[in-house]
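User: Hello! I am new to this structure and would like to walk through it step by step. Could you show it to me and then take my questions?

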Amino acid sequence: MTTAEPVRRWLAQRRPSADRFPYDAVVTAYQHHGKHFVPDEWTRALAAARDRLPQLIGTNTRYLSAFLACALDKVDGTYDYRSYLGLALLRLPGPDQVPRTAAQQLARRDRLHVNLLTDLIAFELRAAYNEHTPLPQMRPAPALVAKRLRHAVRAAMPALRRLSLVEHTTDSSQVTLARRVVAAVSMVLTAEDRRALQVSMLPVHIAHDEWMFIRVLQAFETTFALLATDLTDVITAVEAGQVPRAASRLSAAASLLRESASLWPLMATIQPAAFHAFRTFTEGASAIQSRHYKIVESLCRTPRNARLNSPAYLSVPEVRTAIMHGQVSLDDALNAAQQSAPDPMLGAAMREFAAAINQWRQTHYRLAVRILGPERSGTGYTEGTPYLRDARQEPVFHHCPTAQPDAGAEI
């Protein structure tokens, strides 16, 4: 896609509708060139579209505004981890105007989780048989594709089963099973789901593996968004004296975090050469900017001043501000309840959650060392592996012995 004519035609209407914005053409162009290399013709047209936002008709003006912010982040100088992953365009779990039970929040996470992974599976299947699929550079060999499909299906399967989308997995062929998963999820995708998957894939380059890289990071963010909600509810339960409910919710959160560790073997299928091909153009976007991870960490215990004033939290100023304005952690709630030693059930759940966090950190570090080396910077030219090495030592809670990390998930 070499011309921004679809956007110009849309702009030429007397009263353009946000509901009829040519998303298809824009996303196709971005995936054809890579966001870092998209021609100025496109960014100028999109900037003109943004200027028209106050005059638009239609119901999706706010969503279009969020999309344009992601598409123009490099031009605007606002490019970061959140805009790279298009997180504002995904319906992440979390507090909203409609009260939701724990089961409803988990189902919301599960739906987005399987949507993201199924999109990855479908992309890998298309690319294996169609040379015109986006991101054509450095296609993986068939054996690596098969391995990636196996790990993607495995990472999606618990959520698929909870949603009753796939019950049996006796297919003799990995490709057959992958196609069955894609078909099952495709049947229940809404128009909103399809649009979110489309517009949240704006890679910076055209190396094949960046598609997988983005989808796995989005899936991790989906899980940590739910964990943040879980921990908020755990703290509320402790403050209300409902310790058994708090213990049950925290134990369930630990189980989900352990389950999400199956994403690491999937991420480990990334080709180092492909990663280094696109990471050059991700300067400014780093996982150190993950708001949801920092929210989870700070809801477990209030960070010590040295960490609060380090790049870890300076990279997420809104989270840091909430902490400095008195955000209550689980440790704080236990202190207020004058429980020097947690209830046995809650203490066990805290140790379980701490062990899951430590395993997650350890596996992240091991994978980063494998791809980057022990002293290399991260994707946004942050401290990279040295930062991850040191972050492994941060205690999860003060109120219970922190479980030591095991060897980490197999990658």
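**A first walk through the model**

Analyst: Glu259 sits in helix α12, residues 243-260; helices are DSSP runs of H or I with at least four residues, strands are runs of E with at least two, and both are numbered from the N terminus. This is a predicted model, in which local features need pLDDT of at least 70 and side-chain atom pairs pLDDT 80 or more, while totals for chains, interfaces and linings use all residues. Residues are numbered from 1 along each chain as its sequence is written, and side-chain values use heavy atoms, leaving out hydrogens and water.

User: Is Glu259 buried or exposed?

Analyst: Relative accessible area decides this: buried means under 20%, exposed over 50%, and partly exposed in between, using a 1.4 Å probe and protein chains only. Glu259 has a value of 19%, so Glu259 is buried.

User: Which residues does Glu259 touch, not counting residues up to four places away in sequence?

Analyst: A contact here means heavy atoms within 4.5 Å. With those sequence neighbours set aside, the residues that Glu259 touches are Arg109, Pro158, Ala159 and Arg162.

User: Where does Ala184 lie, and which residues is it in contact with beyond four places in sequence?

Analyst: Ala184 belongs to helix α9, residues 174-186, and counts as buried because its relative accessibility is 16%. Leu165 is 19 residues apart from Ala184 along the chain, with 6.1 Å between their C-alpha atoms. Leaving aside neighbours within four places, the contacts of Ala184 are Leu165 and Val166.

User: How many disulfides does a search of the whole structure find?

Analyst: A disulfide is a pair of cysteine sulfur atoms within 2.5 Å. Cys70 is buried because its relative accessible area is 5%, and Cys300 counts as buried because its relative accessibility is 2%. The search of the whole structure gives a disulfide count of 0.

User: Which helix supplies the largest share of the lining of the largest pocket?

Analyst: On a 1 Å grid over the protein atoms alone, a pocket is an open set of points with protein on both sides within 12 Å along at least five of seven lines, a cavity is a set where a 1.4 Å probe fits but cannot get out, and lining residues have an atom within 4 Å of a point. The largest pocket has about 490 Å³ of volume, meaning the space filled by probe spheres set on grid points joined across faces, edges and corners. Its lining has 18 residues, with Asn60, Tyr63, Leu89, Arg91 and Glu192 nearest the centre. Both α4 (61-71) and α10 (191-199) supply at least two lining residues, and the largest share, 4 residues, is from α10.
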